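User: I am new to this structure and would like to be guided through it. Please show it to me before I ask about its parts.

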Amino acid sequence: MAARTQALLYEEIARADELELSWSEAELPERERTKHVHRLHPYLGKFIPQLVERLLTRYVRPGGHVLDPFAGSGTTLVQALESGCDATGVEIAAFNALLMQVKTGRHDAFRLQTELREAGARLGRSRQAPQGFVREWFAPTAARELLHFRDLVADFEHADVLRVVLARAARSARLTTHFDLDFPRSPQREPYWCHKHRRTCRPVSEANKFLARYLEDTIARILEFDRLRTPGRAARVLHGDACEVDLEGPFDAILTSPPYPGLIDYHEQHRYAYELLGLDDRRERELGAAAKGTSRRALEVYSRGIAEVLRRCTKRLAPESPVLVVVNDRRGLYPAILDDAGLAVEERLERHVNRRTGRRAGEYFESVFVAYARS
Ligand SMILES: C[S@@+](CC[C@H](N)C(=O)[O-])C[C@H]1O[C@@H](n2cnc3c(N)ncnc32)[C@H](O)[C@@H]1O
């Protein structure tokens, strides 16, 4: 913000307001922002579906194919399917790829309900003694319930849906405080003063109650999205590094919110899922991971990496297709990154973001860069 004038900022906000890219809490309550499959599992660092919806309506023709090279939990893919587009998402973190696959895959409604209910009827406790991470981060009963469910999963056709339910229940059942669910540092074994609920809370001791609740919630959310998605449209999930994954195309737009340096470790936020499900950990390939820091060198590596991804993806675009990048560019890196990727910025819209959750409360602006390949 330092180098930009206040007047210019107001102009950009006015333009974003005209496109209605900012919402107050009352206009867009949480249940709307987390509608249907968007709430299948928590994910820190999502953009809101309504922003994607507006950008798709404005910049992408119906029936177009949208590419998101940093697809995360799949917001772009889900909204593309709802808006009548096809979508491809690339993602380095295995759990995110799994989550996206479950959100966007086609499910037979009857089989899905039957299987998830059958899994619910088979909840129990493993006789296996928990080891390592599971032993450290879960109370003994919760650990045995999660291990029992994990061993059931492979019996079902909808095993991946059950894996997501397992991860969500594991997240809720960890030995953490209610106010530090994203990156807890050490297990909380004793009752504690809870800043969120303003009373003494106890760490969770069981997991089956979460499994039962999330099985039902997952059925309802997948079926709701099934009714809304456009028939004949499909999403493809590519689990890999956007710097090297094979892309087909041609695509009609890129719509993405890239990772930003020093903010979030995308593998680490779902550590319990990697540990329980034995997923492949490729965190060293994460661009801008918090663990890599924000030294000058780290920022250079980040900027080069993002530019390379955008350059590769832009080569797969049909002529005159937009590249839409949503980012809170507090370090002012993006004008140079986009230029380095061979893109010319046509518009930069400033969106006012209302933050409302717990300790990260506060307000900030987020930019939507609208760019095109330089001819
Ligand atoms: C800001 S998040 C995207 C969130 C997404 N818009 C959503 O709503 O869920 C950025 C994502 O980029 C992924 N990522 C980081 N480095 C990557 C790489 N080299 N290749 C592919 N994905 C990468 C991270 O794992 C993270 O999920």
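This is a predicted model: local features need pLDDT of at least 70, side-chain atom pairs count only at pLDDT 80 or more; totals for chains, interfaces and linings use all residues.

Analyst: Residues are numbered from 1 along each chain as its sequence is written, and side-chain values use heavy atoms, with hydrogens and water left out.

User: Is R221 buried or exposed?

Analyst: R221 belongs to helix α10, residues 208-228; helices (H or I, at least four residues) and strands (E, at least two) are DSSP runs, numbered from the N terminus. Buried means under 20% relative accessible area, exposed over 50%, and partly exposed in between, with a 1.4 Å probe and protein chains only. The relative accessible area of R221 is 16%, so R221 is buried.

User: How are the axes of α6 and α10 oriented, roughly parallel or roughly antiparallel?

Analyst: Axes are lines fitted to C-alpha atoms, for helices over the stretch in contact, and angles run from 0 to 180 degrees between N-to-C directions. The axes of α6 (residues 109-121) and α10 come within 9 Å and cross at roughly 170 degrees. Angles under 35 degrees count as roughly parallel, over 145 as roughly antiparallel, 65 to 115 as roughly perpendicular and the rest as oblique. Therefore α6 and α10 are roughly antiparallel.

User: How many residues of the contact of α6 with α10 are nonpolar?

Analyst: Among the residues that meet are L112 and L116 in α6, and L215 and I219 in α10. Ala, Val, Leu, Ile, Met, Phe, Trp, Tyr, Cys and Pro count as nonpolar, Asp, Glu, Lys and Arg as charged, and the others, Gly among them, as polar. The contact has 2 charged residues, 3 polar ones and a nonpolar count of 8.

User: How many residues of helix α5 are buried?

Analyst: Helix α5 spans residues 94-104 and is mostly covered. Its buried residues include F95, L98, L99 and M100, and the buried residues pack against elements including α4 (75-82), β2 (86-91) and α10. Of the 11 residues of α5, the number buried is 10.

User: What is the angle between the planes of F133 and W137?

Analyst: Rings of Phe, Tyr and Trp (its six-membered ring) pair if their centres lie within 6.5 Å; planes under 30 degrees apart count as stacked, over 60 as edge-to-face and the rest as tilted. Both F133 and W137 lie in helix α7 (residues 132-137), 4 residues apart, about one turn of the helix. F133 is buried at 12% relative accessibility, and W137 is buried at 8%. The two rings form a stacked pair, 6.1 Å centre to centre, with an angle between the planes of 25 degrees.

Terms used. Contact means heavy atoms within 4.5 Å.
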